[in-house]
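Have the sequence and the 3D view open side by side as you read. We'll take a walk through the model, one piece at a time.

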Amino acid sequence: MATDNMADDVGVGTGALAPGTGVIHDIGYQTYDGPRFGRATIALALCWHSLRSAFGVGRGAKAKIIPVLTFAIMCAPAVINAVVMALGRSHGRVVSYDAYVGPLRVLVLVVFIAAQAPELVSRDLRSRVLPLYFARPIRRRDYPLAKFAAFALALLAMIDIPVLLLYVGTIMQVHGGAAIWAQTRAAVPGLLVGLMWAVVLAPIGLALASVSGRRAFSTGSVAIFLFMTWTLTTVLTKIVQSTGPHGTGARLSSAAQVSAAEHLFGLISPFTVLDGVRQWLGGTSHGIVADPGGYGAAYGVALLAFLGVSLAALVRRYASVSVS
Amino acid sequence: MTADQASQARAPAGADAPVIAATALTKRFGASITALDALTMAVGPGITGLVGANGAGKSTLIKILLGLLQPTSGTAAVLGLDTVAHGEQIRGLTGYMPEHDCLPPDVTATEFVTHMGRMSGMPPTAAKERAAESLRHVGLYEERYRQIGTYSTGMKQRVKLAQALTGDPRLLLLDEPTNGLDPAGRTAMLDLISRIGGEFGISVVVSSHLLGEVEQICDHLVAIAAGRLLRSATMSSFTQVSQVLAVEVEEGADLLGAELAARGVSVVRAERELVVLIAGDETFDAVRDAVARLGLPLIRMEQRRHRVEELFRADASIAGAALARVGFDASAGGHTTAARTAAADGH
């Protein structure tokens, strides 16, 4: 019995060659007896692989240009803050944790998402590699969900690492436990805002990028949507402000003084919606949109709609990919 | 003890279970399209050819076997596992090579196959080792550090095979693996598949629309047309069917056909050429003698790889004769030969 099995195993393991007679460099086919992970671990591996590709890791030098550049620009305010404080030109932080130079963050993220979301999804569509994934243990929706998790983590790194730098740069210049504690308490909401941005912007970027396997179309659809909605909100808001009852054109910060139209225009862009929700949830820093005040709930609903629709669109996109 | 476990792993659901079994497998898309029609068959270990014209239902069958499509009715099992209930497990034990291009151009073969090994559930180190090994098995050595975009079609086909092989599957599903290859590339690919099925001990299903191609390497053949099973049998009974000789003469083809028929040779006119069923060496002699006697200008004599759709063509008497020779009769089901071939011809 045991001999039988042994013979069987040898036959399978080394092929037609009898043990000892094979050429030294041809060890024949080896079976694999190690662990085989299931869906969850495979999805995690796909997530990690995608996270790396979001920053061009494992690809050529060219693939790293935009991630590195945008990340550096995102960190600039934190670095400037640290320098200014170290030189003693300012006694307090010059950048807020929760709003963190809003317009700069928006522009940098539009570039990052437009350039890197296609890296995660449209490459696989273009090379038609998806059937190879779906012929493996993971299920259809595991693929888009792994990509979502990866891109959300990439955006979180893009947004929150600068906030952490800001925090570190600040506490190095303040003295006393109370001051550090105050900074910590201010920084945590800032980090949470970053998480909210990452989770909402990731599926929007991926859903738009997955419309096409052609990179140019992918990047175009992301850039056009994010940039156009942002521009539309900004321009319409400016128009309302300059022609509104106050007619001064000055930035208004009090919710009561802001017209209903301005609040509604703020719902067009995901960025202003995110900033509106931040203020609705208690954020006090001056942001990229007026405090929504009584419209807070509308901003909350809009946020969930952006998240829900884009996630559903992303998952649906992969339900229809053909295997052969 | 270890050997015991190893052989256990090779046969996860018992050694007796057929590699593939289908029972009254039917798949309809909407009300009008029937991709698979009451397909019943069983395939054992070894290399199996799945032949049928384009649109015969090969791809649908492969998708059902991978658990990616649910059958409308009937059941299918792979390695003893039901495709509906255990699709995930089946996909873990099966390597799939699609027909179309599926490789990213801007990564190296090593990186790509390693990643695909991870997607098969292997830990990072094992995935890397097995990627190198499976690329070596398919004949890619130093080239594997080059970007796939720089590869020839033949090399790309090898990478596609390597990614299917890297997870140490029990079963390989290869969809038209010789597509787009030149004759030398085809031979090399078929040799490779033959080695995998024999030496490596992995069961292989090779789909093709060219019977002549897969017949060289298969132990078993499944022929389908219009979603129906035409025949499922061992290779030997099929081989005779495909032995045909294409004869082309500049003029007098009808004359030659009559002469050959008079000499007792099965022959059919197919457009410009005569297709002669080879019964043995005497067939070649008969053709030579007939051409010489009539003094016809012979252009071409070619022993051909017969296309499946030609093989089962109802109006070709050669098909009927050939099918009769291999005992293709009502023994496998309730249909007559004529009805089956007519069904095949319908598509």
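Strand β1 (residues 20-29) and strand β4 (residues 73-78) of chain B run antiparallel to each other and are joined by five bridges. Helices (H or I, at least four residues) and strands (E, at least two) are DSSP runs, numbered from the N terminus, and two strands pair if DSSP finds at least two bridges between them. Look for Thr23(B): Thr75(B) of β4(B) stands opposite.

Before going on, a word on the ground rules. This is a predicted model: local features need pLDDT of at least 70, side-chain atom pairs count only at pLDDT 80 or more, and totals for chains, interfaces and linings use all residues. Residues are numbered from 1 along each chain as its sequence is written, chains are lettered from A and ligands numbered from 1 in the order in which they are written, and side-chain values use heavy atoms, with hydrogens and water left out.

Chain A has an average of 87, with 87% of its residues scoring at least 70; for chain B the mean is 81, and 80% of the residues reach 70 or more.

| Stretch | pLDDT | Contacts in the model |
|---|---|---|
| Chain A, residues 1-24 | below 50 | 22 contacts |
| Chain A, residues 247-253 | under 50 | 15 contacts |
| Chain B, residues 1-14 | below 50 | 18 contacts |
| Chain B, residues 312-347 | under 50 | 54 contacts |

Back in chain B, find helix α5 (residues 124-137). Among the buried residues of α5(B) are Ala127(B), Arg130(B), Ser134(B) and His137(B), where buried means under 20% relative accessible area (1.4 Å probe, protein chains only). Their cover includes α4 (109-119), α6 (153-165) and α7 (183-198) of chain B. Just past α5(B), Gly139(B) has a positive phi of about 95°.

Now over to chain A, which has 11 helices and zero strands. Of its 324 residues, 46% are buried.

What about nonpolar cores? A nonpolar core is a set of buried Ala, Val, Leu, Ile, Met, Phe, Trp, Tyr and Cys residues joined through side-chain atoms within 4.5 Å. The largest has 137 residues, and those with the most contacts inside it include Trp197(A), Phe151(A) and Phe112(B). Helix α7 (residues 177-209) of chain A gives the most to this core, with 12 residues. Apart from it lies another core, of 16 residues, including Leu260(B) and Val291(B). As for Phe151(A), the residues it touches include Phe112(A), Leu120(A) and Leu206(A), leaving out those up to four places away in sequence.

Conventions:
pLDDT is the predictor's confidence in each residue, from 0 to 100. Contact means heavy atoms within 4.5 Å. Buried means under 20% relative accessible area, exposed over 50%, partly exposed in between (1.4 Å probe, protein chains only).
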